[in-house]
Amino acid sequence: MKRIISFLLCIIIAGTFSSLSVFSANEEEKLDVKAKSYVLMDVSNGKLLLGKNEHERLYPASVTKIMTLLLVIERIDSGKLSLEDKVTASTAAAGKGGSQIWLKEGETMTVDELLRAAAIGSANDACTALAEHIAGSEEGFVKLMNAKANELGMKDTNFENCTGLDDDTENHLTSAYDIALMSRELLSHERIQNYTTVWMDSLRSGATELVNTNKLVRFYKGTTGLKTGTTSKAGHCISASAMRKNLHLIAVVLGAENSTDRFEGAKALLNHGFANYETVTPNFDSSLITDVNVIKGIEQSVTPQVEKVLPMTLETGTGAKIQPKINLALSVEAPVEKGQILGTLDFEIDGNVIASYNIVSPVEIRKINFGDMLMRLLRSLSVRA
C-alpha cells in the first residue's frame with residue numbers, strides 16, 4: 001500500500017511541475033504555441049517582444065469586434081455618445097446569427113447594455129445595432145473601421161463587417177500584429193476594462209445571462225481583456241491582455257486548432273513576457289542640462305527642456321545598466337524657435353543607445369535689433385545713476 005501511495009504522489013508531483021512554464025529570454029524556441037501565427041506586444045510602447053508569422057493575413061473571427069468596441073468607446077470618451085443613449089434594433093441587427101442576445105426588431109436597449117453584450121458575450125446582433133446607431137448602416141460603420149485601421153498603421157487589414165462573421169466574405173482579413181495594434185489602442189481607453197474584465201453579467205432584468213468568452217478573465221491573474229473569436233475559416237483566435245506590476249502585455253493567437261490551444265498559447269506568451277521583461281522609465285539628473293547661451297538674442301540664454309521620457313520594456317535586470325548621456329550645445333545663434341532642438345538625451349546600455357530624446361527650447365527668442373540694444377544701454381545707465 002505504501003508503495004502504491006508513493007507512486008501516486010510521484011505522478012501528482014510530476015504532473016504539477018510539468019504544468020509550470022518558466023522561460024528565459026534565450027528560450028523563445030521552446031514556447032509551445034500551437035497556432036498559425038502569434039504576437040506578444042508591450043502595451044506601454046508598442047514594442048514587439050515575440051512573433052511568428054505576425055504579418056500573415058488571416059481571418060480574425062470575432063476578434064474583429066475589438067475595432068467595433070474601439071470606435072464605440074472613442075465616441076463615449078469624446079462625449080459624442082452616451083452610455084444611456086437608446087438604441088433600437090433594426091431588422092438587420094435582429095437577424096444576425098452566431099453569438100447573440102436574441103434582439104427583436106424594434107427592441108430598445110442602452111449603449112451600455114449593448115456594449116456589455118458585445119464585449120462580454122460577443123453578441124453579433126448587439127455589435128450590429130451599435131454600428132448602425134453610430135454610422136446609419138453596417139456598411140457605413142465598416143468604412144469607419146477601415147479608416148481607423150489605416151490611421152493605426154494596420155497595413156495587413158481589411159474589414160468587411162463589424163462582427164467577424166466570415167461565411168460570406170473572402171477579404172475580411174487581418175494579422176496578429178495588426179490585432180495587437182488595435183488592441184493596444186482599445187486598452188488606452190481605460191473605461192473598456194469595465195466590460196472586458198467581467199466574467200458574468202446579465203441583461204433584461206436577469207433574463208439574459210452573459211458569460212465572458214475569454215476564460216482567462218476568470219483563470220489568469222491580471223487579465224484586462226480582450227476578445228476571443230472562432231469560425232471554421234479562422235479557427236480559434238484570441239487577443240489576450242494582462243497586467244502585472246507595471247508591465248501590460250498583449251498576446252494575440254490566430255488559427256489555433258481548438259480552444260485549449262488558443263488559451264494555452266496565450267498563457268504561454270504572457271507567462272514568457274512576465275518572466276523575462278520589465279517596464280522601466282529611465283532616470284537622469286536634470287541639473288546636468290544647463291542653460292544654453294543665445295548669441296545676438298533678445299535674451300542672453302535659454303533653459304532647455306527634455307521631451308517626456310517614456311517607459312521602455314527591457315529584459316529583466318537590464319534596467320539597472322541604463323546610463324544617461326547628454327549632448328547639448330554650448331551656444332546657439334538667434335533667432336531661436338520654440339521647440340528648436342538644442343541637443344539630445346541618450347540612454348545607453350553597454351555603449352548602445354536604446355532610446356534618444358530631443359532637448360529643445362521651450363520658448364521663442366528673436367534676434368536683437370538696434371532699438372533693443374539702445375533700450376538695454378539706457379537701462380544700464382539708469383541703474384548706474
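**Overview.** I took helices (H or I, at least four residues) and strands (E, at least two) as DSSP runs, numbered from the N terminus. With that rule I found 11 helices and 18 strands in the chain. This is a predicted model, so I kept to pLDDT of at least 70 for local features and 80 or more for side-chain atom pairs, while totals for chains, interfaces and linings use all residues. Residues are numbered from 1 along each chain as its sequence is written, and side-chain values use heavy atoms, with hydrogens and water left out.

For burial I used relative accessible area: buried is under 20%, exposed is over 50%, and partly exposed is in between (1.4 Å probe, protein chains only). Of the chain's 385 residues, 47% count as buried. I next looked up contacts, meaning heavy atoms within 4.5 Å. Among contacts with a separation of 6 or more, 65% join residues 24 or more positions apart.

**Ile-238.** I found Ile-238 in strand 8 (residues 235-244). Is Ile-238 buried or exposed? Ile-238 counts as buried because its relative accessibility is 0%. Leaving out residues up to four places away in sequence, its contacts include Val-63, Leu-216, Val-252 and Phe-263. I also checked Ala-61, which is 177 residues away along the chain, and its C-alpha lies 9.3 Å from that of Ile-238.

**Helix 7.** Helix 7 covers residues 176-187, and its 12 residues span 16 Å from first C-alpha to last, close to the expected 16 Å at 1.5 Å a residue. Among the buried ones are Ile-179, Leu-181, Met-182 and Leu-186. The buried residues of helix 7 pack against several elements, including strand 1 (37-42), helix 2 (65-77) and strand 8.

**Cysteines.** How many disulfides does the structure hold? I counted 0 disulfides, taking a disulfide as a pair of cysteine sulfur atoms within 2.5 Å. For Cys-127, the nearest cysteine sulfur is that of Cys-162, 5.7 Å away. Cys-127 is buried, with a relative accessible area of 0%, and Cys-162 likewise counts as buried at 0%.

**Salt bridges.** My criterion was a side-chain nitrogen of Lys or Arg within 4 Å of a carboxyl oxygen of Asp or Glu. The search of the whole structure gave 10 salt bridges.

- Asp-112 and Arg-116 meet at 3.3 Å, N to O. Both lie in helix 4 (residues 111-121), 4 residues apart, about one turn of the helix, and both are buried.
- Glu-170 pairs with Lys-233, with the closest N and O atoms 4.0 Å apart. Glu-170 sits in the loop between helix 6 (138-151) and helix 7, and Lys-233 in the loop between strand 7 and strand 8, so the pair ties together parts that are 63 residues apart in sequence. Glu-170 is exposed at 63% relative accessibility, whereas Lys-233 is partly exposed at 30%.
- Lys-296 and Glu-333 meet at 4.0 Å, N to O. This pair links distant parts of the chain, 37 residues apart.

Methods:
The expected span of a helix is 1.5 Å times one less than its number of residues.
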